[in-house]
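Please find below my notes on the model you sent. They are arranged as numbered points, to be read beside the structure.

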Amino acid sequence: MTIPDSSGYCYMMENGSIELPCKPEEEKRIVQELTAKAEANLREGNLYYVISSRWWFMTWQRYTGKIEGDYPFDGHSIESQFTMPSGIEDRPGPIDNNDIVANGMDNEDDLQLLRTLEEEKDYALVPQEVWDKLFKWYKGGPALPRKMISVGDQQKQFIVEVFPLSLRLIDSGDQSEVIIRLSKKASLHDLYEKICQLKGLDPEKARIWDYFNKQKHTILLSSSQTLEESNLQMDQDILVEVSTDGFGKDYTGNGLQLVPIEPTRSTFSIAGGPNMSNGYSTSNSSNLYQESTLTSTYADMEDGYDGMKPVTGGDRRGLAGLQNLGNTCFMNSALQCLVHTPHLAHYFLQDYSDEINTQNSLGMHGELALSFGELLRKLWSSGRTSVAPRAFKGKLARFAPQFSGYNQHDSQELLAFLLDGLHEDLNRVKQKPYMEINDSDGQPDEEVADGFWRYHKARNDSIIIDICQGQYKSTLVCPVCDKISITFDPFMYLSLPLPSTATRSMTVTVFYGDGSSLPMPFTVTVLKQGCCKDLNQALANVCCLSNDEYLLLAEVYEHRIYQYLENPSEPLATIKDDECIVAYRLPKRDTVLTRIEICHRYLDNERKLFLTPLVTVMEDPQSGADIDLAVSKILAPLRRKVFSTSKTIDSSTETDSPMTSTEDQMNIDSTQLGTTVQSEEETEAAGMSSRDLSFRLCITDDKGYACRPIDKDSPIRPGRLLKFMMEWTEQEHELYDSSYLKDLPEVKRSGFLSKKTKQESISLFSCLDAFLKEEPLGPDDMWYCPRCKEHRQASKKLDLWRLPDVLVFHLKRFSYSRWLKNKLDTYVDFPVENLDISKYVKSKDASEGSHVYELYAISNHYGGLGGGHYSAYCKLIDDNKWYHFDDSHVSPVSESEIKTSAAYVLFYRRVKRNINGTAGEQSEQVVHH
């Protein structure tokens, strides 16, 4: 379909409701501008709309494409020659959100999303202005508006509340149930208003209880306190009671109905000092009757827990589970590993009030440490009753909003935040001194390391630093001047890569950008967990790439280059077996070269695309004649036979002589081909006539929707990437054998009998070796060389120098690239006892202690990303036995069962050495009462 004038392409129908869209690139521009405007004016209450990724990413964005800079030609606008290659049917249909709606179209006033949805993977969020424009263009729906809210105390963030808080309201009178939904930022007053309106109640005669787990916890007083601050959780119960006499007094006649129905609390906190919940004391004073004090005090407590109840023996301690509050298994797993760390259990079961740092600007005013300590004491109290960590989750949402909501998160990322946050809340250093650290400059490593450690300890001193922090040596070497820079940096845990030995076969078709040879498919074997750099190197070896050439990888989809794979660190896992990958063999030059991309389509047959795109490079093309010459060279290997030199070419003029050399083919006069380039209207009506160019060529925009014919004098606007369309007629098919550009092989054809791959197994020591090996820095992580005064891609080598009492290993199972999130299920064989890493420690200081460790906890991750599950294995200190902590369920497990491919974070504790040098007891035990 050819639209002769763009002025009629975007308009509002006089009689109707549909506004026809602009051109695809114009739609893209409008949406980008509206989005940027909205993002520059973020505030609470802004309205966003949820759109299914199936429509937004896979349909609309593919339709509009991604514009890369200006159009690459001079002098003439393409608007008057606008062409849509495949017709209007390529345009997306109406917006369709039905695949992400939980309750379908049954109740359009209360449409809810499926709880398992993930942003980008399943849905996108667009500002109201963008939605309005898209709806005018496409109609459809249903509309799914959501409001923006502010989260976090210290680090305010704006997020869209995709899943409002859902509460089950139970009527104490008839036990009827109804679901109500409000924002977690709504106030308790809003809650009362909504419930009273729903039930037709007088607010003075209604009382609402926090009815979590169908137990009365606290009365929710009508106030400005938010539902989030009240620790109300997704899908929990609340109870409404109605009295004909109102609730002016409680059953004893005292105004104590504000007090939680729980055991009375002491005037002292779990830390052994005055309770400092939100800055108020909870002693029996006039503050007892102040609503804000009482509600905030209880909000900081875990459900049903008396913070000063003695932690005594009797029942087995440390076997309490943690209830899942909605995708909080990641939090439960990390917490169980921490609370079963002997050093931390010993510390938080004692009086630590003197060490709480409320003044540290980097901390959380001691609130995180207090909340964690209270939770730990509850878990170490007698009995096996599971704990609902609502108060702790509330603190987490306040201070780390990235973990708020009900999405699945990473247990290791939470662990990193908790260790850092607990350290800052318990930092004994109140005034951090300023100290200068100089480069090593040839000093002995021991002196430099001690200097760095003294500096670090002068500013950071807490129980976390005492037991969890080590030090490694980092050596950088400049590749130009050989300048060596040595620093000694602290670490809280070690993130170890999983070096894979598994391989995969990949078939890639290599095209010669200079037209020197026919395209050739090559099958190479690369590491399954390798990157594009590995594939490039393997192809370079098999096709004998010279030093003055390089390979440009690209994915071809529907006869277009879908994307160039130019990032050498791009994981090969992003390339699927059913994709078609090509490599263009191009020359290296010191000068900047222009990349020429050539797609193919039939002149007739609705200008349908076919064949594989070709790519070459040129130095500063000026006109259409330069492009014509480049196309002639790159197509030269496809020439069938030598033809006569007459102006008019006919198939009967073919000779029986063998195919000429590539050089001869390149020198054939362009007039032999007899092809013409006129305006598309003229060529369609009148056919071919003699013109200067050898081929019918059009310069295009990024998507190929806008095409404009060129002739030999057409000026070419400079650019890094120029895209052209070559139109094939019967004469081109007679001259060139296009079969070499058809039917690209897939990366790997799937067979009927695929051999099951044996699960890969590696050792923890090989992971350590990979972590410590010397390797060059990435191009995005250049080092500034003080001698060269320039950024250099230096080589980096890590060595362990000082080890902590608690050594944590994070196994890097997850990788993220573009849209792909990948998980490695590699089995890592790790020692349970006698992990000796002496050979990795470069410090010779004997006073540091043993380098032998024993495992005591594991954070596990099962399944894939998004839909996976976390649990923990922990060794109970009191009876030296292993247990499986799976949310609220706790069960014994044998030591032989704890080593699985689900192991994600490993927790080791140092083993003290006896006088004779043999391994002895662990360096810390939980205090027995």
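**Notes on the predicted model**

1. The buried residues of H3 are covered by, among others, H1, strand E1 (47-52), H2, strand E2 (95-96), strand E3 (123-127) and E4. Helices (H or I, at least four residues) and strands (E, at least two) are DSSP runs, numbered from the N terminus, and contact means heavy atoms within 4.5 Å. The residues in question in helix H3 (residues 128-138) are Val130, Trp131, Leu134, Trp137 and Tyr138. Buried means under 20% relative accessible area, exposed over 50%, and partly exposed in between (1.4 Å probe, protein chains only). These five residues sit on the same side of H3, because they cover an arc of only 130° around the axis; the arc is that of the directions from the helix axis to the C-beta atoms. In general, an α-helix has 3.6 residues a turn, so residues three or four places apart point the same way.

2. On the source: this is a predicted model, in which local features need pLDDT of at least 70 and side-chain atom pairs count only at pLDDT 80 or more, while totals for chains, interfaces and linings use all residues. Residues are numbered from 1 along each chain as its sequence is written, and side-chain values use heavy atoms, with hydrogens and water left out.

3. For the chain as a whole, there are 18 helices and 40 strands. Of the 929 residues, 51% are buried. Among contacts with a separation of 6 or more, 71% are between residues 24 or more positions apart. The accessible surface is about 43600 Å², with 48% belonging to carbon and sulfur atoms; the areas come from the Shrake-Rupley method with a 1.4 Å probe, and for residues only the protein chains shown count as cover.

4. The axes of helix H1 (residues 24-39) and helix H2 (residues 53-64) come within 7 Å and cross at roughly 115°. Axes are lines fitted to C-alpha atoms, for helices over the stretch in contact, and angles run from 0 to 180 degrees between N-to-C directions. H1 contributes Pro24, Glu25, Glu27, Lys28 and Val31, and H2 contributes Trp56, Trp60, Gln61, Tyr63 and Thr64. By class, this contact has five nonpolar, two polar and three charged residues. Here Ala, Val, Leu, Ile, Met, Phe, Trp, Tyr, Cys and Pro count as nonpolar, Asp, Glu, Lys and Arg as charged, and the others, Gly among them, as polar.

5. Some backbone angles deserve a check. Most residues other than glycine have a negative phi, and most peptide bonds are trans. Gly141 and Pro142 are joined by a cis peptide bond, with omega about 0°, and Pro142 lies in the loop between strand E4 (140-141) and strand E5 (145-151). Gln175 has a positive phi near 60° and belongs to the loop between E7 and E8. For Asp743, phi is near 50°; this residue counts as exposed, at 74% relative accessibility.

6. An open sheet of five strands runs in the order E8-E7-E11-E9-E10, with mixed pairing. Strand E8 (177-182) and strand E10 (219-220) are at the edges with a single partner strand each, so one side of each has no neighbour in the sheet. Two strands pair if DSSP finds at least two bridges between them. Strand E7 (residues 165-171) pairs with strand E11 (residues 237-242) in the parallel sense over four bridges, and Asp171 has Val240 of E11 as its bridge partner. Helix H4 (residues 188-199) lies across E7, E8, strand E9 (206-210), E10 and E11, at about 140° to E8.

7. How many of the six residues of strand E30 (residues 806-811) are buried? Six of the six are, so E30 is largely enclosed by the rest of the structure. Val806, Val808 and His810 point one way, and Leu807, Phe809 and Leu811 the other way. Strand E14 (residues 494-496) runs parallel to E30 and is joined to E30 by three bridges; Ser495 has His810 as its bridge partner in E30.
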